[in-house]
Amino acid sequence: MERKTKGTYTLRKLFPTLSEDDLLLVQENSSVIKLKKGQNLFISGDTPRSIYGVANGCLKIIRESQEGESIITQIAKSGQIVGMREVFGDFKYSRTSVALKDTEVFAIEKTTILDLIKRNPEISFQFMKIFCFELTRLEKRLESDLYRSAKNRVAAVIVELYNLFAEEKAKFFVPPLNRRDIAELADVTPETVSRSIAELKQAGILDTHGSSFTILDSIALQNEVEER
């Protein structure tokens, strides 16, 4: 019973516009998947049968080239939904998801989601907002790759990770990513990440200790992001 209450609360966070009846329908047609750090939720080439809501933990979504190189296209944390593109587009996954730490997700069946959209148009608007947010984020990333220096791109990733993982008004945060992950997000080499972070530290903009970051000058960091 406690597990059911917890599940309902988490699903309410994922789908705030659902009625109690629709929320119960989602709960009855979903399952909880527990992933250990490094495990895959789905793999490129899989056929999608569900969308996934992150209950706790976080995932990285990566795209791999034929040469075996990978780039992180998305970081999904608690309260976010992944896998919609493939479910609504009706095509196989072209991306792979990996748990960055121990993670729990709700797997909600495709047929349930499509039925909800027919019954409740409000949920369509929620999905449209998510798609618009993701499109805007990807456009900004493309713009960053085209017009910003490597150091500026690393700074932009640090800001993105701060917004994802820092507590409200905190300057200190610990993203569950290593230097290679940050390099894939910034589309640079790990050596460039280390060099860029060293330059930002020398300028008094941030400090690091192990995997933790402390933002010392948020205005200067934002200026680095916007510089072209």
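Reader: Among contacts in the chain between residues at least 6 apart in sequence, what percentage join residues at least 24 apart?
Author: This is a predicted model, in which local features need pLDDT of at least 70 and side-chain atom pairs count only at pLDDT 80 or more, while totals for chains, interfaces and linings use all residues. Residues are numbered from 1 along each chain as its sequence is written, and side-chain values use heavy atoms, with hydrogens and water left out. Contact means heavy atoms within 4.5 Å, and among contacts between residues at least 6 apart in sequence, the share joining residues at least 24 apart is 70%.

Reader: What percentage of the 228 residues of the chain count as buried?
Author: A residue is called buried when its relative accessible area is under 20%, with a 1.4 Å probe and protein chains only. Of the 228 residues, the share that counts as buried is 44%.

Reader: How do the axes of helix α6 and helix α8 lie to each other, roughly parallel or roughly perpendicular?
Author: Two packed helices are described by the angle between their axes and the distance between the axes. The axes, lines fitted to C-alpha atoms over the stretch in contact, come within 9 Å for α6 (residues 150-165) and α8 (residues 190-202), and cross at roughly 80°. Angles of 65 to 115 degrees count as roughly perpendicular, and α6 and α8 are therefore roughly perpendicular.

Reader: Which residues in α8 do A150, K151, V154, A155 and I158 in α6 meet?
Author: Helices here are DSSP runs (H or I, at least four residues), numbered from the N terminus. Those residues in α6 meet, in α8, T192, V193, S196, I197, E199 and L200.

Methods
Axes are lines fitted to C-alpha atoms, for helices over the stretch in contact, and angles run from 0 to 180 degrees between N-to-C directions. Helices (H or I, at least four residues) and strands (E, at least two) are DSSP runs, numbered from the N terminus. Angles under 35 degrees count as roughly parallel, over 145 as roughly antiparallel, 65 to 115 as roughly perpendicular and the rest as oblique. Buried means under 20% relative accessible area, exposed over 50%, partly exposed in between (1.4 Å probe, protein chains only).
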